[in-house]
Amino acid sequence: MRGQSRKRKKKKIPAAVIAAVLCVVGIAAALFFFCLRKQGSVQETTSAEESVVETVSQPAETEPAESAAEAETEPQVFSYFDKSLTDRQYELDEEAVPRDIEWGMPCLDEYGNAVFRQTDPAYPEYEMLRGIDVSKEQGPIDWYKVREARCDFVIICADEMFDEHYEGAYQMGMKIGVYAYSGADSPAEARKEARMLAKQIGDKKIDLFCAYVPEEMEKEGPYGKISSEVYFQKTDIQRNTRTAEAFCEEILNAGLTPAIYASMRYESEMYDMSSLAGKYEIWYSNFEVSPSTSYPFSAWQYCLTGGNGGIPGPVHLDMLFLKPYMETESERKIFSYTQISPEDYETTTWVNYRKGNVAWNGDWAKIEAGGQEFMMFGCGICCLSNAVSTLTKEVVTPDKMYEKTRQNSSYHPESGRGAVSWASLQTMCRYYALDVKLSRKPSSYDAFVKEITAADTAIVLVDGASDRRLWWYTDGHYVGIWQYDPDTETVFVTDPSTHFNRQRVSLRDVYNALKTKSEYQYALISRP
């Protein structure tokens with residue numbers, strides 16, 4: 001019953017988006033310098049690192065040609081811009097694990113949202129999440145507005161505002177990571193700092209990593225207290241590497257995921273990447289059109305002057321790269337039709353890109369009834385289609401289910417309220433010979449678990465006013481939940497709006513989000 005309260009309409013681009021545009025323009029300037037550099041002796045690589053520039057020394061023409069056995073492999077020399085847009089070079093450490101992600105900087109879609117595109121289709125399995133990193137510098141934050149801006153994760157500084165920022169982000173269901181500035185000059189000091197960070201985190205749920213950030217990174221560069229040249233002349237690569245490793249090892253011992261914050265210059269001049277790359281996650285900071293690093297990274301800080309409606313001043317913008325949830329064989333057999341058309345699915349940031357989206361949506365998304373588009377009222381129809389197509393021998397797409405429901409129940413979407421009623425939903429389950437029971441939210445979560453476990457599936461009605469961790473954006477929305485796992489206390493979700501489609505979520509979060517203002521909260525459905 002997502003209903004008529006969320007009509008899709010174009011809005012004026014807010015100030016936050018303008019800030020984002022300025023950020024992209026700044027990056028375009030870096031691309032300009034990149035193009036100038038390209039005109040010199042540097043050649044552009046055509047390998048997986050297609051956005052990185054490679055120079056290869058050529059032997060003199062007078063030298064005799066060497067045989068393949070005698071020839072020595074030339075080191076790969078790559079170029080990058082540091083914070084001051086100075087052109088620098090480094091040699092790739094052949095022993096380090098190489099990067100396997102290739103992405104470009106964002107462009108803006110028709111709604112003013114930043115959209116990232118893959119620049120190398122060889123790695124289609126990664127999903128993208130947009131996020132921010134915050135500290136006490138941002139002060140109090142309106143986390144609802146942050147989430148509404150399609151911000152999916154946040155990396156929070158472990159400073160005096162950590163608890164407040166964590167609670168706000170957690171209540172909105174954002175994925176959370178942590179970072180801490182380190183003043184450690186030795187592995188022993190780094191271990192002590194890591195233990196202090198783990199103690200500060202306590203029993204808080206951390207979805208992402210806990211990142212090691214040397215305090216010097218605040219001081220280095222055009223915005224710091226000392227010049228880059230002075231700082232990097234005094235560096236001790238082996239000490240830096242051992243110190244970062246010690247911090248990460250202690251974080252790992254605490255049951256958390258360690259990470260290292262690094263710019264391209266840090267990777268090339270501060271660390272021995274053969275000891276770090278592939279062993280620990282990297283939170284990569286770089287503001288070029290595409291990342292210069294040849295090493296793997298799981299998060300990318302791509303802008304320092306971004307905007308978000310929930311934060312009054314500039315904020316750092318990040319991108320997280322995740323491999324999608326690996327479905328079990330039984331989960332792959334579950335249908336998951338959605339309300340969204342293929343065009344919307346691929347061109348807007350309302351949903352995250354997945355390669356298999358074509359089977360989830362189709363022309364039924366263009367159905368209109370009572371002045372509304374299917375994407376505004378079709379969640380119940382999609383949930384019925386998913387249940388019937390999965391539990392019976394008949395595959396019923398949403399457009400067919402729409403017509404069948406109009407013909408065989410009291411469903412009358414032309415009245416202006418297109419959402420399927422509980423009575424119509426019950427009628428259609430029985431029409432397809434499925435057992436169905438309409439239920440109200442029990443006072444006990446354990447009783448809810450018992451009911452969900454006994455059924456093949458349940459169509460639940462959720463409301464952001466009840467709980468914002470998952471479906472914060474709606475006043476009523478049908479989703480399907482399947483295959484409760486008692487070990488993780490999660491269910492597999494078929495979400496017609498695609499926010500959590502084909503993912504596992506906490507059943508307790510579903511229980512908390514049930515719309516108690518409705519006559520019923522869920523329908524338990526099973527094969528006879």
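A: Happy to! The open sheet has six strands in the order β17-β22-β18-β19-β20-β21, with antiparallel pairing. Strands β17 (435–439) and β21 (503–506) are at the edges with a single partner strand each, so one side of each has no neighbour in the sheet. From one strand to the next, the twist averages 35°.

A few conventions before going on. This is a predicted model, in which local features need pLDDT of at least 70 and side-chain atom pairs count only at pLDDT 80 or more, while totals for chains, interfaces and linings use all residues. Residues are numbered from 1 along each chain as its sequence is written, and side-chain values use heavy atoms, leaving out hydrogens and water. Helices (H or I, at least four residues) and strands (E, at least two) are DSSP runs numbered from the N terminus, and two strands pair if DSSP finds at least two bridges between them.

Contact means heavy atoms within 4.5 Å.

The buried residues of α15 are W422, S424, L425, Q426, M428 and C429, where buried means under 20% relative accessible area, exposed over 50% and partly exposed in between (1.4 Å probe, protein chains only). Their cover includes α13 (379–391) and α14 (398–408), as well as β17, β18, β19 and β22. After α15 comes A433, whose phi is positive, near 60°.

S409 counts as buried because its relative accessibility is 18%. S409 touches S424, T427 and M428, not counting residues up to four places away in sequence. With S424 there is also a polar contact between side chains, at 3.4 Å; such a contact is a pair of N or O atoms within 3.5 Å, and within protein one must be able to donate a hydrogen and the other to accept it, while residues adjacent in sequence count only if both atoms are side-chain atoms. A polar atom of the S409 side chain also lies 2.6 Å from the backbone oxygen of T405.

Notes
Axes fitted to C-alpha atoms, helices over the stretch in contact; angles between N-to-C directions.
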